[in-house]
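Look at the structure below and keep it in view while reading.

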Amino acid sequence: MAKHFSERIIEFLGEPAYRPMRLRKLAHAMGIAEAHRGDFHDAVDALRRSGRVVLGSNNAVSLPQRGGTIVGTFRGNPRGFGFVVPDEDTAHGDLYIPENETLDAVTGDRVMCQVFSRGKRDGKAAFGGRIIQVVERGNSQFVGQLRQNENVWYVEPDGKALHGPVLIGDPGAKSAKAGDQVVIELTQYPRDGKPARGVIVERLGHQNDPGVDLISICRQFHLPDEFPEAVISETRALARTFDPDALEADREVVDQQVITIDPDDARDYDDAISLRRLGDSDGGSAKRSRRKTKASAIGQPAWELGVHIADVSHFVRPGTALDNEAKERGTSVYLPGKVIPMLPEALSNGLCSLQENEPRLCKSAFIRYDAAGRVVGARFANTIIRSDKRLTYGQATQILEGKRRGFAKPVVDLVLLMDELARVIRKRRLDDGMIVLELPDVHLILDDNGKVVGAEPEDTSFSHTIIEMFMVEANEAAARLLHGLGVGYLRRIHPKPDEESLENMARFVQASGFKMPKKVEPKDMQKLLDELRGDPESYAINIAVLRSMSLAEYSPKSIGHFALASDNYAHFTSPIRRYPDLLVHREIDNYLAAPTKKAKKKGKKSDGAATSKALVEMGKQMSYLSRRAESAERELKSVKVLTLLTEHLGEEFEGVVTGVTNFGMFVQHPKYLTDGLLRIEDLGDDWWDVNTRTGRIRGERSGESYSLGSKIKVRIDQVDVPGRQLNLVLAGAPATDGKSRPGRKAGGRGPGGRSGSRDGGRKSKGQRGKSKSKGKAPRPMATKKKGRGRRSRKR
């Protein structure tokens with residue numbers, strides 16, 4: 001029966017009027033009866049496996065673009081080859097570009113490729129490409145260190161975007177000297193083995209000067225600097241004219257107990273919480289609430305949660321200089337030792353910050369729950385609040401642990417009630433399929449000069465989870481409202497993992513000795529994670545689950561959020577630091593401004609409301625800016641940790657394997673959580689069998705094996721700060737006396753030199769090590785975090 005459907009599907013997808021749609025909608029459009037849906041799904045799956053159809057980022061089904069040319073974004077590798085990520089979904093996915101076929105493209109460029117067949121790999125059609133045109137340069141300015149080799153001056157670029165040295169014709173420009181960090185503009189891109197050329201446009205300071213690493217990252221990622229004068233002028237005018245008393249008549253005054261819970265060093269308090277047990281005039285004691293909640297009938301309101309979010313939309317109006325600048329920045333950037341705000345501090349840390357005992361304007365979500373934590377109603381309002389108490393996460397944890405001296409009773413009662421509801425909500429969400437990964441994160445401790453002097457594990461106490469759950473609930477409530485109104489809005493989507501990723505994860509789980517159903521659902525993932533919590537295998541399985549997932553992004557597409565098990569999700573709770581939240585607030589404003597209930601239900605679009613196409617482009621831009629902020633934070637952390645580790649060459653540690661590739665393993669430092677590369681040729685005298693699909697390396701002669709999550713004792717061999725690479729060897733291996741071994745250039749490549757990273761599968765004469773790949777090597781796996789540390793737990 002499945003075979004019978006195949007040609008019908010291909011014919012239907014080939015019609016000129018067809019637009020990609022998800023599987024359920026496609027079955028409905030084709031008139032497939034419910035009794036035949038199983039065979040229909042099998043047919044689509046078979047077509048996908050054979051490459052005749054593809055599933056897009058939102059799991060929409062379409063015919064592949066194959067052959068001819070494609071346009072996409074180039075990602076280069078230090079060894080000369082690269083990949084192109086197509087703009088449109090294709091059967092082959094990321095396209096492999098061999099060495100010498102990259103033209104003069106560098107990482108980030110949009111390029112046009114000619115696609116060609118590479119035969120079959122693992123039983124599937126394989127494709128490659130050659131770049132025939134650079135459509136648009138992603139970047140022409142780069143940051144690096146100025147160096148001199150005899151009479152040749154060059155810059156060794158930082159990071160992994162541009163590989164190889166850049167020759168500098170006028171090294172004296174901007175009074176730069178050897179060892180200085182500089183910004184360069186490329187005048188000639190690398191091509192046909194010839195190095196790039198450029199000119200110095202800015203001197204940042206000597207590489208060892210305090211703060212130079214931070215400003216280098218800001219320039220490398222093109223992060224914004226000072227606010228324009230027009231933005232400052234508008235902000236000052238808002239501060240002068242702000243009069244909350246004059247606005248009370250048009251807003252609901254929240255007269256309940258309200259508190260904020262934030263990190264110790266937070267300044268922008270953008271959310272506050274109120275909570276009451278329905279039927280209690282004052283919320284009641286936590287003990288009395290627990291008794292009444294148990295007695296409440298399922299489906300009947302038991303709690304009303306108030307999530308009060310700073311009303312940034314009141315101050316930042318469309319078309320103003322403030323709005324344009326916020327849109328350009330997209331998000332606040334939280335770097336070690338510095339915050340680059342989306343809004344001027346007079347707003348983010350002042351008028352919009354929900355400070356204790358100060359009247360503040362809010363958008364409030366009032367959500368009602370039954371005893372099982374199910375939502376039974378929600379409403380939104382423009383409000384005025386006064387926070388009764390500013391708590392830190394540490395203080396909230398003290399209250400939960402019974403250390404309540406010094407805290408007012410109403411505050412204690414509220415925190416205990418919040419704890420109770422959060423646990424009920426969390427259980428409900430886990431039952432619905434929410435996935436919670438347990439992967440470590442650290443907080444770097446810096447001295448006054450910005451140098452790392454230590455690290456401590458991030459606080460994972462339940463006080464963080466309380467706020468996280470409430471923020472997720474408010475975000476979901478906002479999305480439900482806008483979805484019900486039928487208005488276009490910017491969602492936060494997290495597509496379901498593609499079939500191949502799920503298969504790879506299931507294969508790894510099964511190879512680890514655990515069971516996983518053929519068709520994996522979120523509940524199956526979380527059930528396994530719960531069963532393994534605290535076990536030695538837990539870390540590896542968490543990594544495998546993480547690797548199977550796609551990245552969350554902003555989009556108007558109605559896809560839902562896979563990891564949160566949410567059908568409709570948006571960002572609403574942080575408009576001080578995220579522009580998409582501000583857009584959602586404006587749509588809620590339109591709803592609240594509607595004069596009648598009928599008009600509210602119908603929905604009201606603002607003047608010049610964004611078209612669907614404009615929202616798609618806005619989503620792409622906001623997703624890019626969000627990823628840029630995360631990448632900059634991650635890169636600066638890496639730079640600071642690697643700089644510290646240059647003082648610890650030869651130090652041994654027991655790390656955890658976080659990634660397996662054809663050329664080696666990535667091993668994570670237990671204290672700083674940075675990954676180092678242990679190459680295959682450094683594993684010992686053996687023939688090494690590498691299976692990247694199951695994340696395992698095994699010595700055929702010795703039987704020695706390593707896999708994701710394995711503990712292994714290694715030694716810090718070399719540190720390449722500009723290249724962002726930590727090289728490791730097995731503990732007990734012969735020392736190198738700090739000198740680079742053959743094939744490695746930890747201190748930089750120099751003119752005409754090659755990257756210090758080379759193919760671990762190729763062995764020099766006299767070595768017996770050999771890599772036999774059983775699958776395509778994935779991109780090096782850097783352990784991902786739950787988010788942005790203490791702040792990010794508010795999703």
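Begin with Ser62: leaving aside neighbours within four places in sequence, Ser62 is in contact (heavy atoms within 4.5 Å) with Leu13, Tyr18, Pro20, Val53 and Val54. Ser62 belongs to strand S3, residues 60-62. Helices (H or I, at least four residues) and strands (E, at least two) are DSSP runs, numbered from the N terminus. Ser62 counts as buried because its relative accessibility is 12%; buried means under 20% relative accessible area, exposed over 50%, and partly exposed in between, with a 1.4 Å probe and protein chains only.

This is a predicted model, in which local features need pLDDT of at least 70 and side-chain atom pairs count only at pLDDT 80 or more, while totals for chains, interfaces and linings use all residues. Residues are numbered from 1 along each chain as its sequence is written, and side-chain values use heavy atoms, with hydrogens and water left out.

The protein chain has 20 helices and 35 strands. Of its 795 residues, 53% are buried. Among contacts between residues at least 6 apart in sequence, 69% join residues at least 24 apart.

Now take two pairs of helices. Two packed helices are described by the angle between their axes and the distance between the axes. Axes are lines fitted to C-alpha atoms, for helices over the stretch in contact, and angles run from 0 to 180 degrees between N-to-C directions. Helix H4 (residues 212-220) and helix H19 (residues 612-645) pack at about 145°, with axes 10 Å apart. In this contact, Asp213, Leu214, Ile217 and Gln220 of H4 meet Ala632, Glu635, Leu636, Val639 and Lys640 of H19. By class, that gives five nonpolar, one polar and three charged residues. Here Ala, Val, Leu, Ile, Met, Phe, Trp, Tyr, Cys and Pro count as nonpolar, Asp, Glu, Lys and Arg as charged, and the others, Gly among them, as polar.

In the other pair, the axes of helix H12 (residues 409-432) and helix H13 (residues 462-485) come within 9 Å and cross at roughly 65°. The contact of H12 with H13 has 10 nonpolar, one polar and seven charged residues.

Helix H2 (23-29), helix H3 (37-50) and helix H14 (499-511) each supply at least two residues of the lining of the second largest pocket. H3 gives the most, with seven residues. By class, this lining has 15 nonpolar, eight polar and 18 charged residues.
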